Amino acid sequence: MSEERGLPSAVEAAELYRITKDAQDKNSAILRAENVLITRIRTTYRKLQQEAMLHILETTSVSELNRDGQGIPVATLRNAGYENLRQLAELSVPELDRLAGIGENTLERVILRVQEIARNAREVARVRVEEKTEDTLALVRNVTILSDTGQMYLAAADLAKDMPEQMDGLLAEEEKMTSPISWPGRSETEKQQSIAAFRILSEWKESGAPERILRLYTEFAELEKSLTRDVCWDRFLQNTAPVYSMLEKLVGSSGPVSQGLPEEIVKEIRETPLDTSLMKATLRNYQEFGTKYILHQKRTLLGDEMGLGKTMQALAAMAHLTTEKKTHFLVVCPVSVLVNWLREIGQHTELKAFEIYGNDRDQEFRAWLTGGGIAVTTFETVTKLSVPDGMLLDFLVVDEAHYVKNPEAERTKGLIRFASVADRVLFMTGTPLENRVDEMIFLIRMLNVEKAEEIRGMKELTMAPEFREKIAPVYLRRTREDVLKELPEKVEKEEWCRLGEKEQAVYRASLAEGNFAAVRRVSWNAGSTEDSSKAKRLLEIVDQAKEEGRKVIVFSYFLDTIRVVQELLKDRIFGPISGGIPAEKRQDLVDQFAAGPDGSVLLCQIVAGGVGLNIQAASVVVICEPQWKPSIETQAISRVYRMGQARSVEVFRLLAENTVDEHVLSILKGKSEIFAGFADESSAGEASMDLMEAQEKNVMAKILEEERKRHGIRETGEDETKQV
């Protein structure tokens, strides 16, 4: 400010104008970016949807026009060279008018019928984001940027709210002070208006807001620059859920989520508040509804099909209840999924988990009772836990609840003890209980006695709408085809298993010997399928797939593992397809598998069955051990998840906790600095075979060294890692 008159100089005014105008522009740019991205996403999605619709019309014969006997001369259309409806849909009216042998009235019926079928095709057209094209790359990148910068948009909106009112007017007044030529000729009133604007903007500048905007804009620009198409595509392949979740919100791409619930209950559930601030994951639309259903109905049976995220919905309910000052949650599950629960709690929530199992169970149980959090235990352990006097359990979750079907079993009695003191109870099972009505009634009785009595007399009407309406307030089941109408996706899940004593002994012996092939076959070389935690989990997955009317393909690199799987699954197996099987025989096995019953399993060595075959009959993929390179697994999965696959695909990776599986998975995900570049396809292509083999041996040696250190094992002899 000029000391003589207490007025800002033109230079000071110009500098303040520059700073404040720049801050306003940068903040507006962040806010505009959100709308630009949303517009781009919707435009690209509509284009892909149009292409999917045209593909349906292209595969629909012109004979479909006459399905209802409308007298349309299909033969005439064929004679004119029109075989499918896309050809007709893309004709203009004048071009249609010139079709020989078709009268005006008939032509009008043709046009109306084509338009009707096109509308129906658009409604059912499914957008598959699976192949790299300009459009899918742009769609995935824009969705990823929108998702990753979400908090920045919120921050920019808050900063905009804190700007002085009528910011544009203040800046206009400020700009008038920057000219030493025109300023002296302004009236005193006009000068005072500009000076007042200067003071307001100065105070805003002194608050630090422009600096905060600049930092936010820099962070935003750097993040956007780092999210290249290839980076976003690689992230999408590793985890499709965030992209699909965002698309659902922007284009309404999911199917019906409420499945038979009365409309008044649906309205109440949708209006139920849900706080996901303690979640690290984004919920799909149907998962959000399922979570609200759990919270609103309080004692429920969630029967969503395998792969729809029942665990995620249960965790989201617990996270919300925690924000409402609820503290004690108990999860009871089979021992085979205990580790998965513990990992998913850490991966997807901010909540603390307690493992109530094994030698430390009593100590952990007491710690949970004192501090609260999520206690995870097994059906067997729950029989050994006592319910403290006066205890109020905020939420009891029972996973794989169909295991509880015998009222005299100790596990059932143990669950009933905790259910009796629980404010909320959730039973979860992917098994379609409509086929097991007695089991359904028994489980519902533990949740709601009155509802169980109401449906007891309707046992013969399980497929009738009245039965579904009656159980809807307590039983919610959605299939993938129900809720993923336009985005059939590939759901990938890590199935972590904990080694038993015999498995650990074999694993430690393999480490001591330096037998890397045996180390990688962890759990499968336990000596008996009864002692293999991976075998037990595989059996559960296959049984679940059979219940859902699905077929399974199982991949392993090792022929020894394939023989163990054969022994485990016996007459369910088709194959195996291995390197020694001729190509024509492989296709015969695939055809036999496709014609087989639900629950059939095609067993393949991953280097043989992972290429050259189309196996869309399967919609569940199990990989027995993590592979060295992403391309090996990607090729294997793509045998199933490809054009022509009508169902969403579930991929299970069987992994053993605290073993070599963690190292190999780290390589696959590109998160290991020690092994950086090993799985890089481009560098592999440039290197000689000798160099690659030497690098591979070096990686094996490093893994063995780390594993021995972790397990406290000293090398018993010369360490010659056996190349896989």
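Modeller: Before we start, one term: two strands count as paired if DSSP finds at least two bridges between them. Also, this is a predicted model.

Biologist: Got it. How many bridges are there between S12 and S13, then?

Modeller: Four bridges join strand S12 (residues 620-623) and S13, in the parallel sense. Within that pairing, Ile 623 stands opposite Arg 653 in S13.

Biologist: And which way does S8 run against S13, parallel or antiparallel?

Modeller: Parallel: strand S8 (residues 490-497) is joined to S13 by eight bridges. Trp 496 has Leu 655 of S13 as its bridge partner.

Biologist: Is S13 itself mostly covered or mostly open?

Modeller: Strand S13 (residues 649-656) is mostly covered, with eight of its eight residues buried. Val 649, Val 651, Arg 653 and Leu 655 point one way, while Glu 650, Phe 652, Leu 654 and Ala 656 point the other way, and all are buried.

Biologist: Switching to cysteines: why do you call Cys 497 buried?

Modeller: Because the relative accessible area of Cys 497 is 3%, and the cut-off for buried is under 20%. Cys 624 is buried as well, at 0%.

Biologist: OK, new topic. What is the strand order in the open sheet with seven strands?

Modeller: The order is S3-S4-S2-S5-S6-S1-S7, with parallel pairing. At the edges sit strand S3 (353-356) and strand S7 (475-476), each pairing on one side only.

Biologist: How many bridges does S2 share with S5?

Modeller: Strand S2 (residues 328-333) and strand S5 (residues 395-398) share four bridges, again in the parallel sense. Val 331 is set opposite Val 397 in S5.

Biologist: Which strands does helix H17 touch?

Modeller: Helix H17 (residues 361-371) packs on the sheet and touches S2, S3 and strand S4 (373-378). The direction of H17 makes about 145 degrees with that of S3.

Biologist: And where does H14 lie?

Modeller: Helix H14 (residues 285-297) lies across strand S1 (299-302), S5, strand S6 (425-428) and S7. H14 runs at about 150 degrees to S1.

Definitions and conventions
Residues numbered from 1 in each chain as written. Predicted model: local features only at pLDDT ≥ 70, side-chain atom pairs only at ≥ 80, totals over all residues. Heavy atoms only, no water. Helix = DSSP H or I, 4+ residues; strand = E, 2+ residues; numbered from the N terminus. Contact = heavy atoms within 4.5 Å. Axes fitted to C-alpha atoms, helices over the stretch in contact; angles between N-to-C directions. Buried < 20%, exposed > 50% of the residue type's maximum accessible area, 1.4 Å probe, protein only.
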